[in-house]
Amino acid sequence: MTQGKLTAEEIARMPRGGPDASWINRRLQTRRPEITDRYDISDELKQKVIGTLDRFGERFGLHTLNAQMVLDQVAELDNPRILELGAGHGGVSAEILRLHPSAEVTVSDLDPASVSNIAASPLGRHPRCTVKLIDATKIDEPENSFDLVVFAVSMHHLPPQDVAQVIADATRVGKKFLVIDLERPSTLGILLAPLMFIPTAVAVMMVSPPSAVPPFLHDSLIGTLRAYSRSAFKALGTAADPDMVVEFAPGTRSLPWIPVVFSRPTGAGESERDNVEQSH
Ligand SMILES: C[S@@+](CC[C@H](N)C(=O)[O-])C[C@H]1O[C@@H](n2cnc3c(N)ncnc32)[C@H](O)[C@@H]1O
């Protein structure tokens, strides 16, 4: 990874609110992991959160919105090849395959339990789907083997140095890299986040048993404190490659999500892409 003008230490210390984050905003971040990132707890508890996210996404149309944002990025291609990182439950990839008649999807996650659940599901048996265990910070796929790489609602799980690494790797294996993630609220917004606990708890209970509420609220709060701002994404994209193009696609009005598209400058990697296509 080229680190642009930032040293590795400066990247690691990048505030979630970006290089110009205020003193208080810098204090309102945490290194505490979410439940889905911990390996000292049961798969059962982790899958309770993942299952709730899946049913939540289905019930409130979030998988469809995410899948549509993915398909908007490859609209000009007849047979787009898409890699989903951090798929968790696979709901977004399943929706991509439902909405597009010929897209091919590689669906992946770091968590072996999630990967084996997806492999055993109808998505895992879909003829246009491949299921893989992939750590987004160590993607071992050929250059330009995908038209688009997507990482949905997951980037905030990673520390800044890993974010820069994922951006570098994902734009090596894919022509474009779409990150859909929580947008870091303003400082006041972060302080007021607990006010959302009651509506969120009610929404969770519409799709899961009450026992899913505490772990879900825990991860929602940690997620808010760990969310990156637009300026942080810009700085980390440039840290991955000083020539990185960082664009903010139109989001969804009703959701606090930010779709960011990272790509290397036009033309870069085209010849490698042709080589990969010829060797298939
Ligand atoms: C909040 S869940 C999001 C699941 C799904 N993408 C969605 O939109 O609901 C975060 C996911 O990121 C995965 N994850 C965290 N770190 C990762 C990494 N380094 N590489 C790949 N996946 C990772 C977790 O295992 C988890 O499934």
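H156 is in contact (heavy atoms within 4.5 Å) with R16, E34, D181, L182, G223, R226, A227 and Y228, residues up to four places away in sequence being left out of the list. The structure is a predicted model, in which local features need pLDDT of at least 70 and side-chain atom pairs count only at pLDDT 80 or more, whereas totals for chains, interfaces and linings use all residues. Residues are numbered from 1 along each chain as its sequence is written, and side-chain values use heavy atoms, without hydrogens and water.

H156 lies in the loop that links β4 (146–152) to α7 (160–173). Because its relative accessibility is 2%, H156 counts as buried (under 20% relative accessible area, with a 1.4 Å probe and protein chains only).

Helix α10 spans residues 213–226, 14 residues in total, and extends 20 Å from its first C-alpha to its last, close to the 20 Å expected at 1.5 Å a residue (1.5 Å times one less than the number of residues). Helices are DSSP runs of H or I with at least four residues, and strands are runs of E with at least two, numbered from the N terminus. Of the 14 residues of α10, 10 are buried, among them G223 and R226. The cover over these buried residues includes α3 (43–59), β5 (174–182), α8 (187–191) and α9 (197–207).

The axes of α3 and α10, lines fitted to C-alpha atoms over the stretch in contact, with angles from 0 to 180 degrees between N-to-C directions, come within 9 Å and cross at roughly 75 degrees. The two helices are therefore roughly perpendicular (65 to 115 degrees). At this contact, L45, V49, T52 and L53 of α3 meet P215, F216 and D219 of α10.

Methods:
Buried < 20%, exposed > 50% of the residue type's maximum accessible area, 1.4 Å probe, protein only. Parallel < 35°, antiparallel > 145°, perpendicular 65-115°, else oblique.
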